Amino acid sequence: LVGCKTVVVHPVHHEEYLGHEEERFEQNMKFYRDLLPYAKEFDVKIALENMWQYTGMINHSTCSRPEEFVRYIDELNNDCFVACLDIGHAHINKFFDNDISEVIAAMGKRIKMLHVHDNNRASDMHKAPFMGTVPWAKVMTALKEAGYEGEFNFEGDLDIAKYIATAQEVGLNVILRPGPYICSEMDLGGMPWWLLRYPGIALRTSDPLFLAKTIPFLKKACE
């Protein structure tokens, strides 16, 4: 209905993880395989995400280790399943065994989507890039070397100009698609709810009302 091509579905991870890794693995394999017929029917991809767990301290959880994340994707062995690397989650714990660039290198082409946010390695702050301690130049370099061609989904306020400038410094191309409506998780795939107040309006067309709101925004964004 909203034209979504990829859906991020968190693995089961709220139950006890450490010491129960194989139990969570089998549980998640069944969980995702049960979703496969729906992914095929509606022609969407399901993206698994790397998680973390609080056990008195921030600790490992499902797919937080790159070798486990790789195992999940490879065991599912279907083009409908891809990886969404949450950069903040990968960075959150200073005691994790791998830094983000190593995770990216291990995951390689399995990564088709990114959740982009920053933190201080002490909590899941969802800060804007460059407002925490994520080494963004190192991350972007690793993405370039891995041949990443997916989307960057920002999960917080951001300094988009600095982010793009850093991408330029490391030789990474950015396709910027500005739009006036960004609450895609909540409202009509990014369209504002109030559009439905207008009888007969045609969404995602050259409807004069929609264009009257969109064109001024795009002109301002491109200044």
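1. Helices here are DSSP runs of H or I with at least four residues, strands are runs of E with at least two, and both are numbered from the N terminus. Before you go on, note that this is a predicted model, where local features need pLDDT of at least 70, side-chain atom pairs count only at pLDDT 80 or more, and totals for chains, interfaces and linings use all residues. Residues are numbered from 1 along each chain as its sequence is written, and side-chain values use heavy atoms, with hydrogens and water left out.

2. Now the overall picture. The protein chain has seven helices and seven strands, and along the sequence they come in the order β-α-β-β-β-α-β-α-α-β-α-β-α-α. Of its 223 residues, 39% count as buried (under 20% relative accessible area; exposed is over 50% and partly exposed lies in between, with a 1.4 Å probe and protein chains only). Take the contacts (heavy atoms within 4.5 Å) between residues at least 6 apart in sequence: 67% of them join residues at least 24 apart.

3. Back to α2, which spans residues 66–76. Which residues of α2 are buried? They are Pro66, Glu68, Phe69, Val70, Tyr72, Ile73 and Leu76. The cover over them includes α1 (21–41), β2 (45–49), β5 and α4.

4. Let's look at α2 and α4 as a pair. Two packed helices are described by the angle between their axes and the distance between the axes. For α2 and α4, the axes come within 9 Å and cross at roughly 25 degrees. An axis is a line fitted to C-alpha atoms, for helices over the stretch in contact, and angles run from 0 to 180 degrees between N-to-C directions. The two helices are therefore roughly parallel to each other (under 35 degrees; over 145 is roughly antiparallel, 65 to 115 roughly perpendicular, and the rest oblique). Their crossing is right-handed, a word used when the near helix is turned clockwise from the far one by less than a right angle, with left-handed for anticlockwise.

5. Who touches whom there? Pro66, Phe69 and Val70 in α2 meet Val103, Ala106 and Met107 in α4. By class, that contact of α2 with α4 has six nonpolar residues, no polar and no charged. For the classes, Ala, Val, Leu, Ile, Met, Phe, Trp, Tyr, Cys and Pro count as nonpolar, Asp, Glu, Lys and Arg as charged, and the others, Gly among them, as polar.

6. Stay with α4 for a moment. Its buried residues are Ile100, Ser101, Val103, Ile104 and Met107. These residues cover an arc of only 160 degrees around the axis, which puts them on the same side of α4; the arc is that of the directions from the helix axis to the C-beta atoms. Among the elements covering them are α2, β5 (81–86), α3, β6 and α5. After α4 comes glycine 108, with a positive phi near 55 degrees.

7. How do α4 and α5 cross? Their axes come within 9 Å and cross at roughly 10 degrees, so α4 and α5 are roughly parallel to each other. In this contact, Ile100, Ser101 and Ile104 of α4 meet Lys138, Val139, Ala142 and Leu143 of α5. The contact of α4 with α5 has five nonpolar, one polar and one charged residues.

8. On to α5 (residues 136–145), where Trp136, Val139, Met140, Ala142 and Leu143 are buried. Their arc around the axis is only 160 degrees, which puts them on the same side of α5. They pack against α3 (87–91), α4 (100–107), β6 (111–116), β7 (151–154) and α6 (160–169). Just after α5, glycine 147 has a positive phi of about 70 degrees.

9. The partner α6 meets α5 at an angle of about 55 degrees, with their axes 9 Å apart. That makes α5 oblique to α6. Trp136, Ala137 and Met140 of α5 make the contact with Tyr163, Thr166 and Ala167 of α6. This contact of α5 with α6 divides into five nonpolar residues, one polar and no charged.

10. Arginine 121 is partly exposed, with a relative accessible area of 26%.
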